[in-house]
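Please look over the sequence and the structure before reading on.

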Amino acid sequence: MKFTNLKLVINGISTEMDERILRRHFSAYGEVKHVVVDVKKAIAFVTFVDPSKAQISLQQQHIILGRKVEVRPAKPKVEIGKRKIFVGGLPRSITDEEFKGYFEKFGSIVDAVVIHDKETKRSRGFGFVTYEAEESANLVLRTNFHLLNNKRVEVKKVTPRQEMVPTGFGFPPYYYDPYYQTYFYVVWVPIPGFY
């Protein structure tokens with residue numbers, strides 16, 4: 001398979017590291033398009049013009065400013081909105097392996113996670129599945145309900161924030177939870193005598 005990644009992540013950089021030093025080091029392997037250094041996190045990113053040059057640099061050991069650093073391919077950022085589904089009504093006893101095993105039948109999975117309570121570590125009854133291909137997600141979504149461990153669960157498409165439509169009250173119909181990095185429905189319940 002042809003290597004196509006242009007971007008590398010460099011872990012364990014020195015506090016004296018800067019873009020100029022990193023660019024000079026990696027330019028020995030090929031033309032460098034972009035360099036980003038975050039000294040506080042001891043991490044940097046180098047983007048090559050040619051992916052074959054990035055691949056060559058991955059095959060080498062790198063010592064920069066007297067320190068050995070770890071160099072690996074950066075995970076490319078991809079739009080997952082059309083490939084990610086929400087699964088609600090999960091049995092509390094379901095394991096991550098059972099969850100993933102069921103949804104793997106529809107296609108290759110990038111990520112499958114059952115959401116757990118931070119304190120009790122128990123399942124919160126929902127999870128998310130991200131597929132490699134949009135077609136796999138669409139195949140799951142053809143049916144609103146699936147039978148998982150003898151329990152009926154509901155599947156829905158995850159809607160990216162930029163596609164959300166306001167309700168008319170000045171609020172979106174969902175809110176974003178940064179801990180779970182996902183969106184949840186907002187249900188407005190009228191309080192008697194309040195309006």
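Over which ring does the charged end of lysine 84 sit?

## Charges over rings

The model described here is predicted. In it, the ring of phenylalanine 128 has the charged end of lysine 84 over it, 5.2 Å from the ring centre. Another lysine is placed over an aromatic face: lysine 7 lies over phenylalanine 45, at 5.1 Å from the ring centre.

## The largest nonpolar core

The largest nonpolar core holds 18 residues, of which Ile85, Val87, Phe99, Phe103, Val129 and Tyr131 touch the most other members. At least two residues of this core come from each of strand 6 (84-88), helix 3 (96-103), strand 7 (109-116), strand 8 (123-131), helix 4 (134-141) and strand 10 (151-157).

When neighbours within four places in sequence are set aside, phenylalanine 103 is in contact with Ile85, Val87, Ile109, Val129, Tyr131, Val140, Leu148 and Val155. Another core, of 16 residues, lies apart from the largest one; Leu22, Val35, Ala44 and Val69 are among its members. In soluble globular proteins, nonpolar side chains tend to be buried together.

## Aromatic pairs

The model contains nine aromatic pairs. In one of them, phenylalanine 26 and phenylalanine 48 have ring centres 6.3 Å apart and planes at 80 degrees, so the pair is edge-to-face. This pair links distant parts of the chain, since phenylalanine 26 belongs to helix 1 (residues 19-26) and phenylalanine 48 to strand 3 (residues 43-48), 22 residues apart. Both phenylalanine 26 and phenylalanine 48 are buried.

One aromatic cluster is formed by Phe99, Tyr102, Phe103 and Phe106.

Methods:
Residues are numbered from 1 along each chain as its sequence is written. This is a predicted model: local features need pLDDT of at least 70, side-chain atom pairs count only at pLDDT 80 or more; totals for chains, interfaces and linings use all residues. Side-chain values use heavy atoms; hydrogens and water are left out. A nonpolar core is a set of buried Ala, Val, Leu, Ile, Met, Phe, Trp, Tyr and Cys residues joined through side-chain atoms within 4.5 Å. Buried means under 20% relative accessible area, exposed over 50%, partly exposed in between (1.4 Å probe, protein chains only). Helices (H or I, at least four residues) and strands (E, at least two) are DSSP runs, numbered from the N terminus. Contact means heavy atoms within 4.5 Å. Rings of Phe, Tyr and Trp (its six-membered ring) pair if their centres lie within 6.5 Å; planes under 30 degrees apart count as stacked, over 60 as edge-to-face and the rest as tilted. A charge sits over a ring if NZ of Lys or CZ of Arg is within 6 Å of the ring centre and within 35 degrees of the ring normal.
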